[in-house]
Each structure stands twice: as C-alpha cells, then as structure tokens.
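Thanks for coming. I will go through one model today, starting with the chains and ending with their contact. Please have the sequence and the coordinates open.

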Amino acid sequence: MAASLSLSGHHRIPPLVLSVLCGLVSVGLLISIWWMQSQLDQRQDRTLAQMDELAHLPKGDYLKPVLLGYHHLGADLLWLKLVQVIGKRQNSMNEYEWMAHALDVITTLDPHYAYAYYAGGVILGDLANRPDLANRLLERGHAANPTVWNIPFLLGYNYYFLLADPAKGAEYIMRAAVLPDRPAYLPGLATRLAAEAGKPETALAFLEARLQDTSDPEMKEFFANRMKEVMIERDIKQLEGAVELYRTAYGHPPTSLAALVDGRIVRDLPMEPFGGEYRIDRETGVVSSTTHPERLKTFFRRKKDPTYLYPRIEQPAYGFSKTW
Amino acid sequence: MKVLSIALNTFRENLRDKLLYNLLIFALLMIGSSILISKLTLGDFDRLMIDIGLASINFFGVLIAIFIGIGLVSKEIDKKTIYTIVSKPVARYQFLLGKYLGLTMTLFVNTTVMVIGLVLVLSARNIPVDMLLFKAVALIFVEFMVITAVAMLFSTFTSTTLSAIFTLAVFVIGHLTPDLKTFGEKMDEVGRMMMDGLYYVLPNLERFNLKGQVIHHLEIANADLALIILYGLTYTAFVLFTAGVIFQRRDFR
C-alpha cells in the first residue's frame, strides 16, 4: 500500500487504474513464468530427467541417516518416482539397471517393504530379463522378511523358468510352501518341481513333513498320494539306471524287469505303491508304472531356451556417476 | 496456579498468532495426497497414506516446537513484558514452566486435531487403523516435548536466531546419535569417552520414531513403550531444570 500511495502521489495515477495495472503486471508475470516452465519442460525430456535423478541417487546406506527418521517416507517417494518410470511403454537396459539401483535404495531405506521386493523382482526378472539383478534383490528381501511367502516363491520361479535350475527353484518354492498365508497349491507345486529336478528324496522328505503337520484329512490324503507318486518317480529313476547298467554289462536291454534281478543288477524289484507294477518297454528300455503311466512333472513345457543372456554378477557392475 | 495461568495465557497467545492454520495445510495435504497417490502408485496404498500422515504430523509439530519454542522467553524479554511478570510474586521457574506448558498445550491440540483428520481420511479410504498408530503418535508427541524444552533452554541465554540454529542442530544430531557411538568405537580411549558422553547427553530422538513399526504392523512391547516415554519425560525434566537454573541467574537488560 505504501508503494501505491507514493506512486499515486508523485504521478497522480488514480488508485483504480493503479490496482488494475498491478493486477495486469502480476498476471503477465504469472503467464510468462508458466510459459518459461513449459518451454523448459519441452526442451528437456522429462523422463530422461527422471532417469537422471535415479542415476544420481546416493546409496541407501548414506541416504538413510540424512532423512532424519523420515526414511520410510523417503522410500515411498522414491517408489512413486520409480513407478512413473516403469510406466513407460519401453525401457532400455540401462534404465533397468537404474531401476535395480533405485530398488536397492528403496529397500535399504525400508528393509521391510515386502511389496517393493516382490514387484521389483517381477520387473527385473520378467520385464528386464535380468534374473541376476532380480534374484539379488529378492535374496535380500527374503533375508529381511523371512515370513513373507511370495519372495521365495518368486525366487523359485526365477530359478526354474529364467535360469533353468529346477533344483534350486524347488528349494525356494519349498521354503515358500511352509510360510504363513501361502496359497494351498504351493506344497504340491514344490514336490512337482523337486521330482522333475531329479531329487525325489527331497520331495519325499518335504511331503513327510507336511503330512505330519496337517490335521485336515483331505490334505493328508493328498500328501499321502503325492508321496506315492514321488516314490514311483524315484523307483523309475532307479530302474532306468539299472537298465542302463544291464545294457552296458550284457550289450542288449533286458527283456523284462525280472531280468534285472536274474542278471544280478538289482537285488529285488521295488513294489509299486498303488498296487500296480512296473513294466519295461522292450524296444526303448523305458520303465513305466501300470497305475500311473504319466511321469510326475510340472506341466510346463519350455518353448525356448532360457533367455538368460547376461553374465552373472556378484557385485554391482553398473557404474554410477560419483558426482551426486 | 500461577504456572497454569501463564500456560493458558501462552496458549491463547499462540491461538492469536493463528498458529493452528497449519492444520488447514495438513488437511489439504492429506486429502490431496489420498486422491493423487491412489492414481500414481502401484500396490500398498495404505502404507503411503499412513506414512504421509504420520510424517506430516511429526514435521509440522517439530517446526512449531522449534520456531515457537525459541521465542517463548526471548520475545518477552525483547518486548520488555517480562518486567511486568518478574516484578509480580512469580518465581522465575514458574514463569518458565508456565510458558513451556502453554506451548505443550498448543502442540497437544494441534496433534490431536491432525490425528483425528488422519483417522478420518484413513477410514474414508477403508484403511484399517490399529492401536499402534496411536502409540506412534504418542511417541511423536514426546519428541515434541523434548524439542520444545531444548528450544526453551537455548532461548533462556541466547538470541532467537542462535537458538533456532542450536535447536535445529540438536534435532538433526538427535536423529543421528547412534552414529556418534559407532564413530566413538573407531577412536582411541579419549575419543571414545567423549563420543559416549555426547551420546548419552544428547537426546536420542530416533527412539521416538515408531513410524516404520506402524506400516509394517510390528508391535512394540508395552514395557519398551513405557521406558521410551519415561526417557522422554526425564530428558525434558533435565533440560527444563537446566533452563531454570540458567534463567534464575539471568540479568534482563
């Protein structure tokens, strides 16, 4: 007001005109600010700028103390930012490595942010095709949240589908299968994986434990049945091994399984747990069960080779600018 | 009684300063973010709302505690209104205590309204609210009490600007004291003793931070909670006592 008084005093501008002028000037300034801001936005790719910010993110260990107790909020804000970048239609490999770093920082700020591990694992594993980065994140998540089932579950998935390592996959799915709130199908899936991985003993031990653990009669029956199926798998594997030995010893495959006993390859033949019997195909030497002609396997058939093309890394191989 | 009337007067003064307008900003922030964030984020929406709510309750309160706290005493001295009070039969420590309680009252009203707002927004969004949230807020309030006391301590012997700087420094250091101990362990005997001394003398404000527990539903033992509150109150008493001793010897000129 003092300014308007002195102005009107010296130049005799009517107060109404003065306030209109002031209004116009401020509107003009606002418009030019808006224009400049939008110009700057156009000139600089906003997503690029966001990526840059992620790149210059300091390590979580250093960031945490700076946030003075607000590190959970920090993790949230960073997560929001990350989600916006993931929302792009296509991400380059560099961007995925940046994302891995951002996820690292988020989960260092808040090690119990279970959803960030899981979602991060999906993004890095399935979308980025970087199971190495995904599994490193998930391993940390599993260590920090040992009771969250979907983290070891995803680890198992990654090992099985992306890294073509069913044994390790089965191991993690088994860990997930004993955790609270896991879906009911998980124990069954774990045993399928273990059977296919050539480790029926693991599957049997796991099923035995689950059988002891369950009081539900239906589940008990399911586990007992599944144990028998895994036994068939184990027996067939042993018999096929014996057939191979017979073939090397005698130069031709055995005509029947009884020939294995006669040829002193095995001491006796295993009982088929469902009451059927084991048979051998004379031409191919393939052993099968009469009650369960289908072998126990996951019903997934790989269409292509595992798409894991990148070198495994133990330490982060991505170089981030040290200039933050 | 004298303490209480000074406290009520301080409270009224805070209201006259339109201090509670910060509640309006808080309300806008809560409602705005609840609308915006549901569109922006992926999963775990509850967590974000609780985080933002608790962090802003904490942040606004700390700002009030620091910037009003430092003016509690020095403003009276600057305006020379302190002469009218100390000339009355009011002990200096009573004046100090009254001022402190007045600001604590303001903070209490402020925090209560914010918590109600937060609970309203959470229930409007069908987010379950558990006891832990209120425990966390209680500890946040204890942090305010400690910081207000520290601000007042500084304002009994330095200028407003210096008090603000010192109190902010204590706030920052208070959240980093565990590091002091770690640094000390890497030093020689004398250094370790000094760092340990600092660690125990400075307030450990991280102890009052339960925000992470709330979002992860990690229950805190009642004994721990009681001990933390007791720690905060004892620390406040210690700081207020020191302030009283300094203020008693102060010469107003």
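What share of the contacts in chain A with a separation of 6 or more comes from residues 24 or more positions apart? The share is 55%, where two residues are in contact if their C-beta atoms, placed from the backbone, lie within 7 Å. In chain B, residues 24 or more positions apart make up 83% of the contacts with a separation of 6 or more.

Some conventions. This is a predicted model, in which local features need pLDDT of at least 70 and side-chain atom pairs count only at pLDDT 80 or more, while totals for chains, interfaces and linings use all residues. Residues are numbered from 1 along each chain as its sequence is written, and chains are lettered from A and ligands numbered from 1 in the order in which they are written.

Now confidence. The predictor assigns the complex an ipTM of 0.72 and a pTM of 0.69. Chain A has a mean pLDDT (the predictor's confidence in each residue, from 0 to 100) of 78, with 81% of its residues at 70 or more. Within chain A, the lowest confidence is in helix 1 (residues 2-11), with a mean of 49, and the highest is in helix 8 (residues 131-144), at 92. Over residues 1-9 of chain A pLDDT stays under 50, and the model has seven contacts beyond four places in sequence for them. Residues 299-324 of chain A also stay under 50, with 20 such contacts beyond four places in sequence. For chain B the mean pLDDT is 88, and 100% of its residues reach 70 or more.

Next, the elements. Helices (H or I, at least four residues) and strands (E, at least two) are DSSP runs, numbered from the N terminus. Chain A has 14 helices and two strands; chain B has 12 helices and zero strands. Of the 324 residues of chain A, 32% are buried, meaning that 20 or more other C-beta atoms lie within 10 Å of a residue's own, against 12 or fewer for exposed and in between for partly exposed, with C-beta atoms placed from the backbone. Of the 253 residues of chain B, 37% count as buried.

Turn to helix 6 of chain B, residues 92-124. Its 33 residues reach 48 Å from first C-alpha to last, close to the 48 Å expected at 1.5 Å a residue; the expected span is 1.5 Å times one less than the number of residues. Just after helix 6, Asn126(B) takes a positive phi of about 60°.

Helix 3 of chain B is next. Its 25 residues should span 36 Å, and the end C-alpha atoms are 35 Å apart, which agrees. Because 19 of those 25 residues are buried, helix 3 of chain B is largely enclosed by the rest of the structure. Arg47(B) sits in this helix, which covers residues 45-69. Why does Arg47(B) count as buried? It has 21 C-beta neighbours inside 10 Å. Arg47(B) and Val214(B) are 167 residues apart in sequence, yet 8.8 Å apart in space, C-alpha to C-alpha.

Last, the contact between the chains. It takes 20 residues from chain B and 13 residues from chain A. On the side of chain B that touches chain A, helix 3 and helix 11 (211-216) of chain B each supply at least two residues.
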